[in-house]
Amino acid sequence: MVLASGDYSVDLTSTEDNTPLMSNHLLSLVGNTNKTLFFYAEQEYVDNDNDGNIDENGDGIIDEIDVNVFSLMVENSVLSSIYQHEIEIVNLIQSDDFTQVAVFFVRQDESISSAIYHRELSYKNTGSILLKNNSYHVFVIANNNGSSIILNSFELIINEQSNEQFLVLESSETSPTGYKTTLFSQTPEQE
C-alpha cells in the first residue's frame, strides 16, 4: 500500500477469533521511502516466580508459553540492474538449538564450502546479498552442537527478468525439517 509520510498506529487482530494480537504499534514513515514491514510471533517461556524453572511441577513439560507479536521494518532495494539482483534475507527462525543460520547460494561448479555467495544471520536480523544472473542451489544451514544441519534447500534461477527478492526463513510445523523458506518480490507488480 502507498501511504503518505507520517506516523501511524497499527493494530493486529486474529482473524480466527477476533483477538487483539498487537495494539498501537508505531509505524513511522518518511517521504520517498520503499519499505516492507514484517510481523512475526515469538514464543517466550513463562517463569512466574522467577526461580529460573519453567517446569514448575517437574513433569517434563513447559508449564506456560506466552506468544508475543513483533515487527521488523526492511528497506526495499532500489537496484535496477538486469545483470545482478538483490536478495534480502530475513531470519525469523527462533530456536533453542542454534543462534544463527547461514544461507549459501551455491553455483554449479561450487560446493557449500567453496561458495562465494553466502550470509550468516542471527534471529530477527536481515542481510542483503547481490547475486549475478545464474542458477543456484540454496542451502539454509544451522550449527547444532558442532554439526551442520540443513534446515532447507531449493533451486533458484536469477536472470534478466528477475526482481529484487525477499528470502524469509521461518519455522514450519508442516515442513519435514521443521523450517521453510519463502521467496517473493520486494516490490509487487504494478497492475
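## Salt bridges, step by step

At 14% relative accessibility, glutamate 110 is classed as buried. Keep in mind that this is a predicted model.

**Exercise 1.** Find the salt-bridge partner of glutamate 42, and say what parts the pair ties together.

*Solution.* 
- Step 1: Glutamate 42 pairs with lysine 124, and their closest N and O atoms are 3.4 Å apart.
- Step 2: Glutamate 42 sits in strand β3 (residues 35–45), while lysine 124 is in the loop between β7 (117–122) and β8 (125–132), so the bridge ties together parts that are 82 residues apart in sequence.
- Step 3: Check accessibility: glutamate 42, at 15%, counts as buried, whereas lysine 124, at 33%, is partly exposed.

**Exercise 2.** Locate the strands that hold glutamate 170 and lysine 180, whose side chains meet in a salt bridge.

*Solution.* 
- Step 1: The N to O distance for this pair is 4.0 Å.
- Step 2: Glutamate 170 belongs to strand β11 (residues 165–171) and lysine 180 to strand β12 (residues 179–185), with the two 10 residues apart.
- Step 3: Glutamate 170 is partly exposed at 26%, and lysine 180 is partly exposed at 35%.

**Exercise 3.** How many salt bridges does a search of the whole structure find?

*Solution.* The search turns up four.

Notes: Residues numbered from 1 in each chain as written. Predicted model: local features only at pLDDT ≥ 70, side-chain atom pairs only at ≥ 80, totals over all residues. Heavy atoms only, no water. Helix = DSSP H or I, 4+ residues; strand = E, 2+ residues; numbered from the N terminus. Buried < 20%, exposed > 50% of the residue type's maximum accessible area, 1.4 Å probe, protein only.
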